[in-house]
Amino acid sequence: MLRLLVLSVCVAATVATNTLVLVDTLATRETHSIFLKSLQERGHEVSVKAADDPSLQLSRYGEYLYQNLVILAPGVEEFGGALSVETIVEFVDGGGNVLVAGSRDAADLIRELVTEVGVEMDEEGAAVIDHLHYDANDDGQHTLIAAPSSGLIESDVMVGPSDGTPILYRGTGLITDAENPLVLPVLRAPSTSYCYNPTQAITDYPHATGQNMLLVAALQARNNARVVVSGSLEFFSDAFIMASVQTPQGSFHERSGNGKVVEALSRWVFKEEGVLRVVSIDHHLEGEKHPPAAYTIKQDVEYKIKVERLVAGSWKPFNTTDLQMEFVRIDPFVRVTMIPNSEGVFSVTFKVPDVYGVYQFKVEYNRVGFTRLFNTTQVSVRPFTHLEYERFIECAYPYYASAISMMVGVFFFSLVFLHHKDPAPKSKAE
Amino acid sequence: MGRGVLVILALLGVCSALSPSTYLTPGDKERLKLVLEPAWSLSDLAQVLYASAGYKHLGQVIPNVQGVCNFIKSSAGDGATVETLFLASSAGKALGCPIEASAAAIQAVSEAIREGASSQELYHAVTAATNLGVALDTAKVLRATQLALKKDDSVLSLGYAFHVGAQLKGEVGSIFERIEDAVVQADEVDGRMLQFEGGLSITALVLSGAYKLAESSNKTPPIKPDQAVKFANYLMTRKSVQMPKGVYYLLEAVSMFTNNKFHVPVAITLASNVAISADAPTVQVRVTDLKGNSLGPLKVTADSATRESDEVVIISKEKLAPLAGAEGVYELEVMSRGPARGFYRLVVSADASDTRLVGHTAATLTFKVLTAISIQSVEIGTADSDQSTAPSLQRVTYPSTLGENLAADQHQRVMLRFLVRDTASGRPTRVHQAFVKITHVDSAREIIFVAETDANDLYKFDIDVSSSVKEFGGVSGLYSVELVVGDACISNPTLWHLADISLTFPDSSLSSQSSPNEYTYKVRPEIKHVFRSPDQRPSSLVSTTFTVLCILPLFVLLIMWYKLGVNISSFPFTFSAIVFHIGLAGILGLFCLFWLQLDMFTTLRYLFMIGVVTFFSGNYMLSSIAAKRMEVA
């Protein structure tokens, strides 16, 4: 399974990736040209189609035609062709990556789709409003948010290095379950923002307020498929990428942070960034070269794992100081941090626990932005054979001594008992 | 009154939709220029044409004109196709360096104008011929065009035919008649745009062709003014185009709409910020053509300005004054009329003697009037849940923070009251956002509550500590209380840290619910296996003592025997006796060997061998001893 996964990642890295872009109107091709062009420049085979195109299909004869799906069609009421929410969810289950953009007036279809990946869009007509963080080009309702970059997730892999430029956003707010560890808050709303219909007075508690509201959310599923959901279609648009930002607090930025974030985020979602793989595993007794049939308790074992990371389309040694190895028999008995070298080989030496059974060497590396690295190797650990115990125990000397004295005694006693010649009675009788 | 409003609204609905609400701003022009710029690497003739014509429309200076001209001339050399000649000659015309017609080129162009050619080929040939100064036979071209249209009467084909017709001298009525055929095929989008199927290039081609044809034949085209405006609206929605070809067509059509004898759509846009406040009390309106050029002095009037929330009209039929120093910009002072806070709909019309102008009436613009607010009568405090005692409230004034920390436990309520006062009117007012943000100081976890108003517009916020355990996650500690007051129509949205409060929740299960999540992104704690420590052993003194004690009886036995005079004098020196005793010693020795190194099976094998020998020799020896005793007895 893992080998298959590694293989498929390899294939994805070398062969051009097919990306299907669904749009409401073909004009989106022009309004989002920078985004689409950057995909093409990075080797994607981009096909732009209307979301209600009757010829749409994701798979043919059981094989996926595309690795990535971009849905820039918040208004689509029903997908065309063989596409539906179910097939898109299946596509994600099959390892496909999806990028979805919504809007204030996103259709129910898009809402249903994002609910499947653990994200909820606020109700129709509601817009993210922030009276303290808006851009000067706002139309008056303060719905053009200049979100401070401090709301970005702390992951260079996902959003690139932060440079403090605000990010423009106009759209609806996203609500996620904070307990769901698979959904990542890529961009949090400023704490003074809220999501409500700007033309209606607030009568009910808004569904999303402050930092609990997300502007961009991401899901990395357990099969490493990635999904990014944004409540704003314009977030990816040329207009926002090229726009300057003027905040009410008076700071001015020549360019918004959107370009950088969109570029980094699209690299991440289409698995061009943050992809790890296990190349090889090696374990043996310390000082030896090959693994034994079984380890004995209390032996010193050396474990090595080689990990590579996809960097600009090629595999390079991975380097981190927090990769851990567990030695697991139902529960982990040992968990140690491994020492990396420049070749991407992580190694550790440890003593096998004094409890025998069937164990696994388990490496699980789960960090924000990276694919989940998971590898197990099963080995058995046996107890000492009778010969391997300690032989002469000092406190057992009385036992040894008594046994030997007994044997010596038996020998002499039998000799004496059988062959004693009693001279005394004769002399007494005499 | 009501009906009047309805009528006005209906009028607005129809008319406002028909005025272009945007034009090519300097930013747009800059972006379009960037799209065209790559053509100057002079690799593709078509791109050079798009860029040359586009730069001309944008009023930009073309870099290295001479180099570009040479490139064009070289590409239109001998053996050039009609299409190349068309591109080169059109680009040459746009650049101002017309290329000279070689005999071969003239011949190629003349031959291309034949019956059976498509209207696009005819367009290329006719344009090339016009540019090269080749005389055209109007009748022949017309015949060929009619044939082409008979074969293919699509909108695209018609568009090319219009361009052909526009370049002919003499009677071209047969083509002019077809303009109507094309226009009726346009699709209406949202009731405010008209486009031809196929998008920007076809729409722009047909439009520019139709107007050019109408100009050359000196007849008003069969396009109604509102249709012209709708076409203009469509073109404006496509100003984000990123293909050089699209930019070329867009600019051709937009330029045509700014400079023709029939229809010039007027864009009425807001020149000032959408927000009007005491600091910026005027609304500024820009009246331009689609390219953003001034249309000369106009009489611009504000038909009405209506507040959106309650339809109160604050302005009607007022003339806007031209703004000094900015051509095409007109301004209207609003704040002196004491408008209430809110969004306003401004309907603007421009009157002009120029009859070509279309879409210049009843353009709807939106502006908003901002006023400042102040937060007053702020009281914060705690009260007992059972209301046994009067609440203790303390006053805080903006922007200071309450000096002492408040404290509340599960038997108490936290209360906050405040008034938001409009500083312009002096009356209490309601705002869109009046939130109380309570942030846990250590974890920065924030909980937001909405303050509610009563009938007197007094904002109240009141939570029962014991019933809000869930919101706070049951985490006790110091919290900061901040007030967020915001509205689209206030000039000073406020985030005010007004107090700190220490909340104490009962130690419920909620706080201890932080179960270790199995799926974590963090480094897990290291686990070191604890090996079972070896059992405590007695000291070697004890074992040595007991070893000695264990051996001692053997020595006692030997000493006693010695004292008793034990002997083995009756040892029969027979073979069996010697073998038996050696065998017995051997068995005992084998036990020692078994303990030290042998395994069970080897031991049993040796034991069997020694045992058999010892058994028989022992048996023989014992029976001989017994026989001897019988003898003695």
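## Helices α7 and α9 of chain B

In this predicted model, helix α7 (residues 119-132) and helix α9 (residues 155-166) of chain B have axes that come within 8 Å and cross at roughly 25°. Angles under 35 degrees count as roughly parallel. α7(B) and α9(B) are therefore roughly parallel to each other. The crossing of α7(B) past α9(B) is left-handed.

On the α7(B) side, the contact is made by B:Ser119, B:Gln120, B:Leu122, B:Tyr123 and B:Val126. The α9(B) side brings B:Ser157, B:Tyr160, B:Ala161, B:His163 and B:Val164. Sorted by class, the residues of this contact between α7(B) and α9(B) are six nonpolar and four polar, with no charged residue.

## Helices α3 and α5 of chain B

Another pair in chain B is made of helix α3 (residues 45-58) and helix α5 (residues 82-95), whose axes come within 9 Å and cross at roughly 25°. α3(B) and α5(B) are therefore roughly parallel to each other. α3(B) passes α5(B) in a crossing that is left-handed.

From α3(B), the residues that meet the other helix are B:Leu45, B:Ala46, B:Val48, B:Leu49, B:Ser52, B:Ala53 and B:Lys56. Their counterparts in α5(B) are B:Thr84, B:Leu87, B:Ala88, B:Ser90, B:Ala91, B:Ala94 and B:Leu95. The contact of α3(B) with α5(B) has ten nonpolar residues, three polar residues and one charged residue.

## A five-stranded sheet in chain B

Chain B also holds an open sheet of five strands, in the order β5-β13-β11-β7-β8, with mixed pairing. β5 (275-276) and β8 (313-319) of chain B stand at the edges. Each of these two has a single partner strand, so one side of each is left without a neighbour in the sheet.

The partner of β5(B) is β13 (residues 363-369) of chain B: two bridges join these strands, which run parallel. Within this pairing, B:Ala275 has B:Lys368 of β13(B) as its bridge partner.

## Where chains A and B touch

The contact between the chains takes 53 residues from chain A and 58 residues from chain B. On the chain A side, α2 (28-31), β24 (331-337) and α9 (397-419) each supply at least two residues. α9(A) gives the most to this side, with 14 residues. By class, the side of chain A that touches chain B has 24 nonpolar, 20 polar and nine charged residues.

## Regions annotated in UniProt

In chain A, an unreviewed UniProt entry gives the feature "transmembrane region" at residues 397-418. Over residues 397-418 of chain A, the model is 100% helix and 0% strand, and the end C-alpha atoms are 31 Å apart. The UniProt annotation "domain: OST48 N-terminal", also from an unreviewed entry, covers residues 18-269 of chain A. Residues 18-269 of chain A are 21% helix and 27% strand, and their end C-alpha atoms lie 14 Å apart.

For chain B, UniProt (unreviewed entry) places the feature "transmembrane region" at residues 541-561, 573-598 and 604-622. In the model, residues 573-598 of chain B are 85% helix and 0% strand, with their end C-alpha atoms 33 Å apart. Residues 604-622 of chain B are 100% helix and 0% strand, and the end C-alpha atoms of this span are 25 Å apart.

Conventions. Residues are numbered from 1 along each chain as its sequence is written. Chains are lettered from A and ligands numbered from 1 in the order in which they are written. This is a predicted model: local features need pLDDT of at least 70, side-chain atom pairs count only at pLDDT 80 or more; totals for chains, interfaces and linings use all residues. Two strands pair if DSSP finds at least two bridges between them. Helices (H or I, at least four residues) and strands (E, at least two) are DSSP runs, numbered from the N terminus. Two residues are in contact if their C-beta atoms, placed from the backbone, lie within 7 Å. Ala, Val, Leu, Ile, Met, Phe, Trp, Tyr, Cys and Pro count as nonpolar, Asp, Glu, Lys and Arg as charged, and the others, Gly among them, as polar. UniProt positions are given in the numbering used here, feature names are shortened, and annotations may be inferred rather than shown by experiment. Axes are lines fitted to C-alpha atoms, for helices over the stretch in contact, and angles run from 0 to 180 degrees between N-to-C directions. Angles under 35 degrees count as roughly parallel, over 145 as roughly antiparallel, 65 to 115 as roughly perpendicular and the rest as oblique. A crossing is left-handed if the near helix is turned anticlockwise from the far one by less than a right angle, and right-handed if clockwise.
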